[in-house]
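Please have the sequence and the structure open while reading.

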Amino acid sequence: MSTATLNPTVNLAAKSQLARLLATENLSIVHSTQARTASFSTEERKLTLPVWSKATDDLYDMLVTHEVGHALHTPSADTFMPVCEEMSPGNPEAFFAYLNIVEDVRIDSAMKSAYPGTRRSYFNGMKELMDSDFFGVRGQNIAELSLGDRINLQTKAGQYGFVDVPFSDAERVILDEVLAAKSFDDVIAVAKKIWNNSGAEDDQSQQQTNSAPAKGDEGSGDGESDGNSPDQGDQEGKQDQGTPQNGPNEDPRGGQSKAGSAASQSRDLKTTKSMEQKIQNLTSTDWKDSIIYFDAPNINLKSVIWDHKTVHADLDVLRTQEGWCGNKVFSAIESRNKDFVANLVKQFEQKMAAETIRRTRTAKTGRLDMRKIANYKFSDDLFVKNQTTTDGKNHGMVFMMDWSGSMSDYLMPTVEQMIALCLFCRKMNIPFEVFAFTNSMPVREHEGYYNREQLSREEIIANLSSISPDYKIEERNDYYGSKTVEVNVGNNLRIDRVGMIHFLSSKMNNKEFRNAVENLCQLALVYDHSGVSFTKEFPHMYINSHMNVMSRYGLSGTPLNEAMYLLLPIVSQFKVANRLDIVNTIVLTDGGAGSYIANRCSGGNVIINLPNRAQFPLYTTAQASSQGRAELETSGLARLVKHVTGSNMISIRIGNKRESGYIANSVDQKNAAKLNSQFKQNGFFSYTSRGFDESFFIDANIEVMDTDEVLANVKDDASVGVITRAFIKNNSKRANSRVLLNRFSDLIAKKILA
């Protein structure tokens, strides 16, 4: 059999998702690197699957479909074990194997009827099993196998014509009953017949040979059957039928299997023994790390977002304080970025016009255009035409800005980039929202920073429990036996200590927008320490640092991953509310996350169970060799937001020349020198290796310059040499700035019209 090692980044989640979608109830589906066979817990409704990493896709799909069928349709051990003990008191597992053969036929028939698309996987998967001699019958006379083995072989491989299995007329009657079994009572009844028939053969054989298990009658027939299902081994059936605690050598009642009578020993099924061993061999020992599953919690956005009206009601108090200059800062930003915005608008309109032409179809009507009839000697284009233009796509943007302490070195440059893009959106009537993520939360009871030193235990519990309805408050005994209250997040990702400051929105009118942007500019100036020439125009280093700002709007830690997760409901609701086809989500930050949300995971492969029963691989152990845990989560969450919302994900990271080499090496070690050279030449580089559609690393010291600014600082009486040097120096700055803005505007235009 040709084997294909599964890609853990994709296939584990895909196969788990297949199982969840096949199930008609909300089963919990997990892969386990420790499992050698499948098992199903009836109490937890949890199906545990091995990592069949040596199986091809079709075989894997067949195995998954079969195990889901057992989980859905096969009763628990309490139902069938009394029958097994009655039929084979000394060794209940012996009869269980016969019961499992018939049950496999019943549940596979049900699954293929409910999901016809799985029939191809069954066909291809069973062919692989036969080609690899999974039943252990290669070179043997099939007619000499016991009736149980022959029925097992026929209902799995014989039905597809991969093997000819002979039966006598009497045996074919039993085979027909196997194929017709609809209820589990039918399964028990026909399994007893196979058992009793095999016992008679075995007893006769024992009298003749007084040795090993007897061989069955040769029988007659062409081996064809209308059977409905292949299988993957007796042991899987034992496990998934409610006895996951029992291994292959254990009695289903929990103890070691007994030798039993000679008759029960002689009834051992060779085909099932061979299959159970070879199915186990499909698992790989290469998976040394566990697979960890987390549920995706629902989020109560009101508990983590300050709406923009509340935000600017708070920030308006800055206008009455000494040092207020937010209006001047915004005016300067408007002036400095007018070329950039105009360039972006121009490219957008060009792309939009080209897109409109692409969506326009012209067709002749068959009616003469009398205005063209005089040209009949020179042109055959004489007919009236109809032009039909299909509807274009609606677009929107969501900006999420880092509001952490380290951003103070790059705050004004970052805010300027974001405001310029908002000005573009307003000119083009593109819906947008601007948020900044912080450790502060709207549900806080006081003004202190949100940390364990300044919040009471009760406040911490109230904050966390309010974020998601999936987080439960529970009372328990502490170490000293006293009653205490804790928040139980269950198996959910832990979204904690994060808030979203809603600074700007396209829903604001002109007056509200200008007021809000001026407040944002003033707030950024208070905390900015970038030292770029733009900020030197304003006395922020002393006066603004003493402005009385509510601490909830101060710079905090970096809950980037928590905020990335919040983008799932934010972008989804934004898309629906504005009836958008495409959303561009832009994350502006200066570095990596300060925490991770899969905080009970110390390593391994992480898969997220989504609310729609799909699953998504957040990251794998293999990826961890080049990234830390927090970075892995950020990359995975960017892919998750894109997967769930369909958004284009763009990252803008602000930095300086000292960091460029390190960043370039971490994102693309092979091309690090090339990226660093681009940074030195153009003031930025871009890459696509971290989950986002495209990420930019931008020099914080790049300044946007208009043509008039090139010689702005040259005195009127300056010499030709001074003017020349100033022109060369400043025009070089302007060129670098323009390369960046052109590249970024082109990217945005392409993404918007993608």
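Is Phe96 buried or exposed? Phe96 is buried, with a relative accessible area of 2%, where buried means under 20% relative accessible area, exposed means over 50%, and partly exposed lies in between (1.4 Å probe, protein chains only). The residue is found in helix α4 (residues 92-114); helices (H or I, at least four residues) and strands (E, at least two) are DSSP runs, numbered from the N terminus. Phe96 and Val83 are 13 residues apart in sequence and 8.8 Å apart in space, taken from C-alpha to C-alpha.

The model is predicted, so local features are reported only at pLDDT of at least 70 and side-chain atom pairs only at pLDDT 80 or more, while totals for chains, interfaces and linings use all residues. Residues are numbered from 1 along each chain as its sequence is written, and side-chain values use heavy atoms, with hydrogens and water left out.

**The protein as a whole**

The secondary structure of the protein comes to 23 helices and 18 strands. Of its 754 residues, 55% are buried. Among the contacts (heavy atoms within 4.5 Å) with a separation of 6 or more, 75% are made by residues 24 or more positions apart.

**Two helix pairs**

The table sets out the packing of two pairs of helices, with axes taken as lines fitted to C-alpha atoms over the stretch in contact, and angles running from 0 to 180 degrees between N-to-C directions.

| Helix pair | Angle | Distance between axes |
|---|---|---|
| α6 (residues 147-156) and α7 (residues 169-180) | about 50° | 11 Å |
| α15 (residues 411-427) and α17 (residues 510-527) | about 170° | 9 Å |

Angles under 35 degrees count as roughly parallel, over 145 as roughly antiparallel, 65 to 115 as roughly perpendicular and the rest as oblique. Helices α6 and α7 are therefore oblique to each other, and their crossing is right-handed. A crossing is called left-handed if the near helix is turned anticlockwise from the far one by less than a right angle, and right-handed if clockwise. On the α6 side the contact is made by Leu147, Arg150, Ile151, Gln154 and Thr155, and on the α7 side by Glu171, Ile174, Leu175, Val178 and Leu179. These residues divide into six nonpolar, two polar and two charged, where Ala, Val, Leu, Ile, Met, Phe, Trp, Tyr, Cys and Pro count as nonpolar, Asp, Glu, Lys and Arg as charged, and the others, Gly among them, as polar.

Helices α15 and α17, by contrast, are therefore roughly antiparallel to each other, and their crossing is left-handed. The residues that make this contact include Val415, Ile419 and Arg426 of α15 and Asn510, Phe513 and Leu520 of α17. By class, the contact of α15 with α17 has 14 nonpolar, one polar and one charged residues.

**Strand β12 and its partners**

Seven of the seven residues of strand β12 (residues 499-505) are buried, so β12 is largely enclosed by the rest of the structure. Two strands are said to pair if DSSP finds at least two bridges between them. Strand β5 (residues 305-306) pairs with β12 in the parallel sense over two bridges, and the bridge partner of Ile305 in β12 is Met500. Strand β9 (residues 432-438) runs antiparallel to β12 and is joined to it by six bridges, with His502 of β12 as the bridge partner of Phe435.

**An open sheet and a helix across it**

Three strands form an open sheet of mixed pairing in the order β1-β3-β2. Its edge strands are β1 (28-32) and β2 (39-41), each of which pairs on one side only, and neighbouring strands of the sheet are turned by 20° against each other on average, direction ignored. Strand β2 pairs with strand β3 (residues 46-50) in the antiparallel sense over three bridges, and Thr48 in β3 is the bridge partner of Ser39. Helix α2 (residues 57-73) lies across β1, β2 and β3, running at about 155° to β3.

**Two loop residues with positive phi**

Asn429 is found in the loop between α15 and β9. Its phi is near 55°, a positive value in a residue other than glycine, and at 70% relative accessibility Asn429 counts as exposed. Arg497, in the loop between β11 (483-488) and β12, has a positive phi of about 55° although it is not a glycine. Arg497 is partly exposed, with a relative accessible area of 29%.
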